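Work through the exercises below with the sequence and the coordinates at hand. Each task is followed by a solution in steps.

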Amino acid sequence: VLLMVFWLSGIGLGAHDAFDGATRWVGLSAFLAQFQVTWGAFIVGVKDPLYGGSYGWKDNNAVLMFLNALPPILPYVAVVIIGPGHSRTVKNLYWASLGLHFVSFAALGVVAKQVLSKIPGRVAPAVNIESMTEKHGLLTIIVLGESLLAILFEASESLQKADIGRLYASALFSINIAFALFTLYFDADQRIMDGGIHAIRYNSYLGILWTFLHLPFHASLIAGATGMGLVFDEASLKEPTGSEARAGGGEAIPFGQSQRWLFCIGVAVSLAIMIVIATCHKRSQHAKSKNARMIMRSLVALTVLLLPLAEDRLGALPLLAIVSTLVGVECSIEFILVEVDHLHFHGWKAGVSDRARKRLNLDRKRDETSGAGQGGQSPRDGLRTSSQVGLAEP
């Protein structure tokens, strides 16, 4: 773990100069970080015969994982060799590595399911769904935290030139957007009700899609957070200019359509990707409002996406206020509908919940069975009353 922290720190320290002066350091750190993980899988596969099948290393899951992960990290070696001064080539190599990661990860799952599963004697390691969802959730929290950092950074930089009222209003709207996206992801989309199945357990291809979608989802969140910081900076000024340099000095970054589009596209794409992520899971019979919620969210995403067309007629602070209102109201409505579905309100009839009705049926069958063996006892003699089975229980 300590070594992994070293490699990740090397990536973070040179990230802002990854295509120029720190090219070799970032490439080497990225290679060592991923090689360490895959090499660990290789060691486990060789030492533990549980992962080996009838054909030795050829159907050993851990060894195949190591071999499958080598091609995506080879472009990092090329980055180290090329070095600084070739920014365009370095960028293309990073894109090639990303594409190879997608292909290798998807290929590993498909091959393991379609081919290796037919080999006799092969043992496939189970997928820890809880661990995978927790890790994706933690990364989502970290990415959403970038939104809050953008707010704090911009507020500290523009404090001298900002109007305090506009500053606090902008902060309120921005925090509301971040919290609404957080609530939609965790409390609406990732809440698997009774009868529903998570995408990873439900279908291997949907599980791969669910995993892959988190990369563009996190990228769109970061883009939205960056745009929100620029809009926040303009919205908090005493006299918003729309074209002058950012408050706090430094290089001039004019506020215009590009900042509006960056902010709105980031938020809208995040909402759209969350719709696809939510539909990957098997739907529960109790999630009666899911279709309506997805339609409403798509309309909100489309509205946010079209807001920059107003151009200068819509200032920075009104833009923040409108996006915050749309996303916040959508979040509130979806949260209430999810709670209604979770409590099975749709299944209640005359005060009898689904759970209580099932218990009544089980008790009736049990009493009928016991009554048949007790010589003529009525099946209803031992049936409990409605108060005993908890009819008001959700």
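**Exercise 1: Fold and contacts**

Residues 24 or more positions apart make up 77% of the contacts in the protein with a separation of 6 or more, where contact means heavy atoms within 4.5 Å. The model is predicted: local features need pLDDT of at least 70, side-chain atom pairs count only at pLDDT 80 or more, and totals for chains, interfaces and linings use all residues. Residues are numbered from 1 along each chain as its sequence is written, and side-chain values use heavy atoms, with hydrogens and water left out.

Task: describe the secondary structure and the burial of the protein.

Step 1. The protein has 12 helices and 0 strands; both are DSSP runs numbered from the N terminus (helices H or I, at least four residues; strands E, at least two).

Step 2. Of the 394 residues, 39% are buried, that is, under 20% relative accessible area with a 1.4 Å probe and protein chains only.

**Exercise 2: The nonpolar core**

Task: find the residues that touch the most other members of the largest nonpolar core, a core being a set of buried Ala, Val, Leu, Ile, Met, Phe, Trp, Tyr and Cys residues joined through side-chain atoms within 4.5 Å.

Step 1. The core has 44 residues, and L181, F263, L271, L319 and V323 touch the most other members.

Step 2. Elements giving two or more residues to this core include helix 5 (129–157), helix 8 (204–235), helix 9 (257–279) and helix 11 (316–342).

Step 3. Leaving out residues up to four places away in sequence, F263 touches I177, G224, G227, M228, V231, L319, L320 and V323.

**Exercise 3: Enclosed and open space**

Task: locate the largest cavity and the lining of the second largest pocket.

Step 1. On a 1 Å grid over the protein atoms alone, a cavity is a set of points where a 1.4 Å probe fits but cannot get out; a pocket is an open set with protein on both sides within 12 Å along at least five of seven lines, and lining residues have an atom within 4 Å of a point.

Step 2. The largest cavity has a volume of about 140 Å³, the space filled by probe spheres set on grid points joined across faces, edges and corners.

Step 3. It is lined by 13 residues, with D189, R191, I192, A287 and K290 closest to its centre. Helix 6 (164–189) and helix 10 (290–306) each give two or more residues to this lining.

Step 4. The second largest pocket holds about 170 Å³, and its lining includes E146, F153, I222 and L230. Helix 5 and helix 8 each supply at least two of its lining residues.

Definitions and conventions
Buried means under 20% relative accessible area, exposed over 50%, partly exposed in between (1.4 Å probe, protein chains only).
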